[in-house]
Amino acid sequence: MMEHVPISHVLMVTSTMFFIGAYGFLTRRNLVTMLIGVELMLNAVNINFVIFDRYLYPDQIEGHFFALFIIAIAAAEAAVAIAIFINLYRNIRSIDVEKVDNMKY
Amino acid sequence: MSYSVTIFILILPLTVFVLNGLLSNKLSHRLAGWLATGSMGIATVLAWLTAYNYFFQSSSYEKLIPFQITWLRFTETLQIDMGILLDPISVMMLVVITTVSLMVFLYSMGYMQGEKGFIRYFSFLSLFSFSMLGLVVATNLFQLYMFWELVGVSSYLLIGYYYDKPEAVAAAKKAFIVTRFADFGFLVGILLLSYYTGTFDFTKITNPENAAIAGMTGISFMGLSVLTLALTLIFMGGAGKSAMFPLHIWLPDAMEGPTPVSALIHAATMVVAGVFLVARMFPVFSFHAPEALDAVAFIGAFTLLFAAIIACTQTDIKRILAFSTMSQIGYMMLALGVSGYGSEGLGFTASMFHLFTHAFFKALLFLGAGSIIHALHKNDIREMGNLRKHQPITHIVFLIACLAIAGIPPFAGFFSKDEILSAAFASNPIYFGIAALAAGLTAFYMFRLYFLVFWGNERTYEHSPHESPVLMLIPMIVLAIGSIFTGFIPFGNFVSSDSQPLQAHLNVTVAIISVMMAILGITVAWIFYKKESLLPEKISNMSGALYHTVVRKFYIDEIYLFITRKIIFNLISRPIAWFDRHIIDAFMDFTATATNWVSKEIKGLQSGQLQHYGYIFLSGVILIVLVMIFTNT
Amino acid sequence: MGVSELLLMRHEWALVAAVLLLLIFEIALPENGKKKINFIAAILVATATIIGFLPAEQGTLFGGMYITDPLRQLMKNILNIGVVLIFLQSVHWLSQDLYKDRSSEFYMLILASLIGVNYMISSGHFLMFYLGLELTTIPIAALASYEQFKSKSAEAGIKLILSSAFSSAILLFGLSVIYANTGSLYFEGFKFSNSLINVLGFIFFFSGLAFKISIVPFHLWTADVYEGSPTNVTSYLSVISKGSAIFILVIVLFTLFNSIQLLWQDVLYATAILTMTIGNLFAIRQQNLKRFLAFSSIAQAGFIMLGVINASALGMATVIYFIVVYVFSNLAAFGVIQTVGHASGKVTIDDYNGLYKTNPQLSLVMMLALFSLAGIPPLAGFFGKFFLFTAVAESGFYVLLMIAVLNTVISLYYYLLVVKAMFINSQENPIAPFKSDYAMRISLVICVAGILVTGFYSPVFEYIKNLCETF
Amino acid sequence: MLLISLIVIPALTALAVMFARNAQQVKTLSATGMSIQLIQSFYLLYEFLKERSAGNSETVLFGNRLEWYPSLHISFDYGVDGISVAMILLTSIVIFTGVFASWEVKDQAKEFFASLIILATGVFGFFISLDLFVMFLFFELAVIPMYLLIGIWGSGKKEYSAMKLTLMLMAGSALLVVGILGIYFHSDVNGSHSFNIIDLANQNFPMEMQRIFFPLTFIGFGVIGALFPFHTWSPDGHSSAPTAVSMLHAGVLMKLGGYGCLKVAIYLMPQAANEMAWIFLILTSISVIYGALGVIAQTDLKYINAYSSVSHCGLVLFALLMLNKTASNGAVLQMISHGLMTALFFALIGMLYSRTHTRIVHEMGGLMKVLPFLSVCYVIAGLASLGLPGLSGFVAEMTIFVGAFQHPDMFHRVITIIAISSIVVTAVYILRVVGGLLMGPIKNEEYNNLKDATWYERLATVTLIAAIVIIGIAPLWLSDIIMESLGVILR
Amino acid sequence: MATSAIIFYTISGVMILFSLLAVTSRRILRAAIYLLFALAGTAALYFMVDYQFLAAVQLIVYAGGIVVLIIFSVLLTTHINEKLEKPTWGKVFITATLALGGLVLTLFILTNHEFVLGTKPSAEATVSVIGERLLGYQAGGYVLPFEVISILLLAAMIGAIVIAKRNATKS
């Protein structure tokens, strides 16, 4: 039901979302908000898969499944990531990414 | 008798060298000494026998090669052989070397008695004799060069015999390095010559019909024919060994060695190797490179006068003799330089003749000087006087030698010098003038020495001087006999440039002039030095700076010192060493430091900030995409 | 689908079984018998490895989702051996009181990651590839934070999981673009053309893999994570995780993207130079040995790219062969670091001063490992590196070769620094002599044997080469 | 089999040494192993001469080819020609004496001797192998133990020197890798590539290829042959290395450079060699004269010897670049001669140092009086170094000069004369040292109590001197077997 | 303009807006909520293309699971009213430049590409189809990934536990 929207417009949206996510990942100092950035990026990718499925290969649903699995993995990743955040918080009482630089050079 | 026995003339001293060298802690002094002297005795007998056979048992003096092996092969044509070449000059040299060596060996038995390095001394001395003998019998240039080097090193070892004396060490070093420098020229000369002729063999090179040699005159290099260049370079080697100006500076210093060594090496034998070399190559010089021969004559004449002048002012007995040696070798070189070939070869014969007689009387002079030094333990003639009382026999033989060198008939020197003067006279009046003047100077400085040492006032000596032991006197007496009588040998019959007998007649005009000069010189010396007088001092004061220049040997040493110390050491070696450490090596180190520096500078890349990592990640991706898009389209 | 077909997947089955058995043991074993879990884990994974070595056919399963052939099996076997070694090295560490309650989790997570590795290598579909990739990473991210009381460990975990998530997002974006253009995510019948959009897709995709391999500029996480993680996890990251990524990169590049070979050769050309150089330049200055080995492994990745760039059977063979060598060499080095670390708590190069005097055997092992990494004959590393150079020379990239060989000189420099510390330097309080545990020794002996033998025993390489020829 | 045992024996010795129980055993084992090695080498020479005189004119003798990496055409090809035999002989003499020269190493003797012998193994392997890969393998094998040997048992700035030496040599071998691989991939032996030198020699590599890979190979080997300006590892390395290592390094390892240049660079890429010789001739003649002049300003015995090695080894490369048989023959002779005498030098320097605890020339003096044996040996070494006839140096240098003079053009002439002039400079610095060190008055009272050489020191020095003298007196046999092989190499 | 297009642009606008807010809001909890909106927008998009199941999953797992997870973690690690520190201007600027650059580049490539739109009839993505495919082991079947992801989830669970589990002796 999206015949009237050219694919390039959808791609603009997803790409924009993707880079907004990247921007978030690269600027936010709180680890959790960095994770939000990543989720946005993954979300953009998901839309991409779905859109390509629908626009270019309407007879397939490979993109659909890919998106499905990405969602699952994103969840798992988020879970582990958050576990690690909390562990860090227990150690240094902060989840500021700029303070996570004990190891450098 | 077969000539092949000549090989033993070489092997005997070599064996002694090895034995004495290896067993220097095991042998007793006496045994080692007699071993050396005995072997040298046998060698001498063999040499005389060979000479007898060669000169009197065969009609023509052909070049004989009784022994030859290949030692090293360079190319198909070029190879070094080791062999023995007998021809008049080499046989003559064999006789001279073995005889003088034997005398010196005997003399040393007395002179060196009780020295700690006695065995080492004989070992080195034997090495020298071996090398010198090998040099004169060399069949080819390269063999000659090898023994030439060996002679040099034995000279080095013997000059440095008193190795705890810094002067001796320095002198030895200087002698070796200066001659090495000359040998550099020699070697290049050999290489040049051999490249064009394709051989080192004397028999081929000196063959006047050798086409390759003639061809070399056609190839020119910087305005000179290659052959002239090669021969000049070879002569450079000879000049170094024979202490010709300007490569003479090592010889006076070489007197730091034991006196018998000076007698053997630095008077009678080694220093005439240069003369021998030119004589050996004489046909080539004479036929194809007269320019090179001119150089020989010029250098010879110059050195002749130059050394004679310096000799007049020296006070060290051995140094006087050393300058005298240089001067006499100058005579020999001059004679060779002015000589022609074949029937015009008077100069050649004269040169060889003088070499022969000079060996006797100069060796005698040195042995005499040694006898004096042995008695007094000092070298300065100003501290000597009236020794004729204490050392009568030494006095007599020394006088004989002085007369011989001064050219007073009928002593040996007169005849040989007369021939040289004749040859010079025939060739170029200037050379003759120089030679005659030098004859007078020779007489002067020798008798100056003689009068100062044996006459004059009695000095106070630490312990009373005594006559030398018999072992030292016998060789002196033998040599004295030689100095008296060798002049009468009809030398031209045996040794000549083309191996044909050459009749040399006494040139009366020349003879009178030379004898007059000699007598003049003796008279002046007599006036100046017979009694203590102030005259010499006055004259030297009058000439002032000139005199000082002469005393300081025309500052040649200083010039050398300047070149080596200041220029080579300070301006070349040190800068190179510095350059190597601080530029080249520093560059290598710099690559390391630079790497480290870069490593340090870029460490900020790894900031520990996760977001920086992500930033670089993303920009990396974008950059690669950009680059790839641009390169792919 | 019959049993015989399922047997094709025996690597994965065996490992899954191992995980489950481990779970059962964990539950069944009494509290005071927990130490046995270490040995059980080692035995289980060793069994799985041996099963992996049984001869097998090639084939595809699940309609192309899963591909297996002797070469892939070999790759899996190589990595399985590595894991066996890591497990052996972990025994002592996990017997400590602090960790013994959680030791089985460690093994399970490693095994889970290993299953991911196996699936990734055998993937016949980009989804499988992606799942394998994530399965490889996520458990390891958890393990990086395994040492809960060390903030560095948590930091390592954070850096790993976040950068990995970031990179997978980029990789996925690339994949989505690729999907747009090809319409299929199955490897079979994958057709790829050289168009602008594909360049974009490929490079986004490549960067995700390059991240795992630590290719510059995607390498920055490496050093921090290696330093902060427990040493065993670091070994796993540097050997297994990196090795598997390289394997799959080779497979993907050689089979799927061979149509744009010129393009990826260009990309690799530039990144290989950067990787070697940057890795070396950073390694020079390191004090912490784990960090040091991190940069060294970055540089090694650069060298490995020399084989990949060759784009033919030779290149593939040299890469795989190098990984074999690398497994032994790197694990030997990490083994020593680990056992020294546990015995003394010291991990910087300066701490190793005079180690040879007190612990000669460990020092020798370390030296052999480092020399092998540096490519010194007659150790295996020499052969490995030389063959990589051969591969790049075959392609005619002599300038690259030149840069690479000069980089080996730099790398030799820092390896020698460690050797110098152990053998030449001395200090007042060197690490006291100690005895390492048996499991560690066994693993080190195996590593050393591998380092010594792999080079001389040419059939190893010949076998790999043959497999690559037929791949 | 004979050749295989040449590398097996030292390898086994090194292994056995690692399992020795005390220093005495270590030394006994090493000495035994290296004696066997020495005997073997002489036996090899004997067999070689026998084969040759029986008319066997194959390029290499006792050779064999053991397949190793068939897919890369790597095989363990070995075999010897005259040059290799000569070099093997040199190596076994030097390592034999090296063992005795390090008799007093007490600190970690086991490791020391093992590393030393591993190094020698590498050298032996290098000389017998005909496969570029294997050759390279042995080459690096010979270089690496050097790091530990200098780093652990060295003196002075040992760590710096060891690192510098290793890195520079490895940089050289890095170039070699490129060169070897370039050769390999441009070869076409029956449709495939080859590492085998004999096969490769029949290839006519295109000129463009040779222009790139000749310099790489030449410089690669040249670095270890102390080619200017890549020689700076040598002074530092030698001055810091322990005695036996200096001996082995200067005596043998630096010769790998010359050997490699001849047998790989020049042999395989003759046209490029011909075309580019002039560049390297200039560099090497700089090496020769620069090294020699550089020595004069040095005061440390080891630096003196190191720079003089630069000069002498420069002469080796210089001669090789003359690209004719005579000069190359001279080069090989020079390698052997320099190997022996520099080993002798370093052995003596080590022995003097262990007594006087200094290596600065002007701090010593008059040692002849207290250490007559060592001093005489030193003088002999010096004389060999300055090219005294009757000692090996003369033979080698003269062959080089005669050979170099076979080029009649101006450039070669001038450059040869420059090189020849080094004999003067050599004399200068040798005599300076001999004069300052051994002669003159004793400068330090304590030196009066020094003990002269012990039996093992005598054994080491006498062996070396004997070799120097034998070659110096009777060089023909050696020169002939070398010349024969050169006939093949310089077609 | 068709209704669907209007809906799409609206949803897109919302998504972009909330994405932006999610990465710039200084209140972390709000950021999480904005994320939730963005994700919900995505779900709406899925509905629009008839992927109801996916949309549901998106809502449940993403919006429901992940966002809740995030909120929990926020609650655990920060104070509710705590404002996030502002990133420095420099950082914002260069990052924004990079992101914009990347976006421009990507869009340049993507929009310039002539996508060949599919003409075949759309495949149904009903739950039963999805179920069959998920359990299918022929081509197009996803049982293997399904299997793998189960391991992955198990591993993630264990991983989380490992990190969270505190040692009795230590704590």
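Helix α7 of chain C and α6(E) are roughly parallel to each other, because their axes cross at roughly 10°, and angles under 35 degrees count as roughly parallel. The axes of the two helices come within 9 Å. The model is predicted and scores ipTM 0.92 and pTM 0.91.

**Packing of α7(C) against α6(E)**

- Helix α7 of chain C spans residues 126-144, and α6 of chain E spans residues 143-164.
- On the side of α7(C), the contact is made by Leu127(C), Met128(C), Leu131(C), Glu134(C), Leu135(C), Ile138(C), Pro139(C) and Ala142(C).
- The residues that α6(E) contributes include Leu144(E), Pro145(E), Val148(E), Ile149(E), Leu152(E), Ala156(E), Gly159(E) and Ile163(E).
- By class, this contact comprises 18 nonpolar, 1 polar and 1 charged residues.

**Interface of chain E with chain A**

- In this interface, 70 residues of chain E are in contact with 63 residues of chain A.
- Helices α1 (3-24), α2 (28-48), α3 (52-77), α4 (89-112) and α6 (143-164) of chain E each supply at least two residues of the side that touches chain A.
- The most is given by α3(E), with 13 residues.
- The side of chain E that touches chain A divides into 51 nonpolar, 15 polar and 4 charged residues.

**Burial of α12(B)**

- Helix α12 of chain B (residues 273-280) is mostly covered, with 8 of its 8 residues buried.
- Among the buried residues of α12(B) are Val275(B), Phe276(B), Leu277(B) and Arg280(B).

**Confidence in chain D**

- Chain D has a mean pLDDT of 88, and 100% of its residues reach 70 or more.

Notes:
Residues numbered from 1 in each chain as written. Chains lettered and ligands numbered in written order. Predicted model: local features only at pLDDT ≥ 70, side-chain atom pairs only at ≥ 80, totals over all residues. Buried ≥ 20, exposed ≤ 12 C-beta atoms within 10 Å, placed from the backbone. Helix = DSSP H or I, 4+ residues; strand = E, 2+ residues; numbered from the N terminus. Contact = placed C-beta atoms within 7 Å. Nonpolar A, V, L, I, M, F, W, Y, C, P; charged D, E, K, R; others polar. pLDDT = per-residue confidence, 0-100. Axes fitted to C-alpha atoms, helices over the stretch in contact; angles between N-to-C directions. Parallel < 35°, antiparallel > 145°, perpendicular 65-115°, else oblique.
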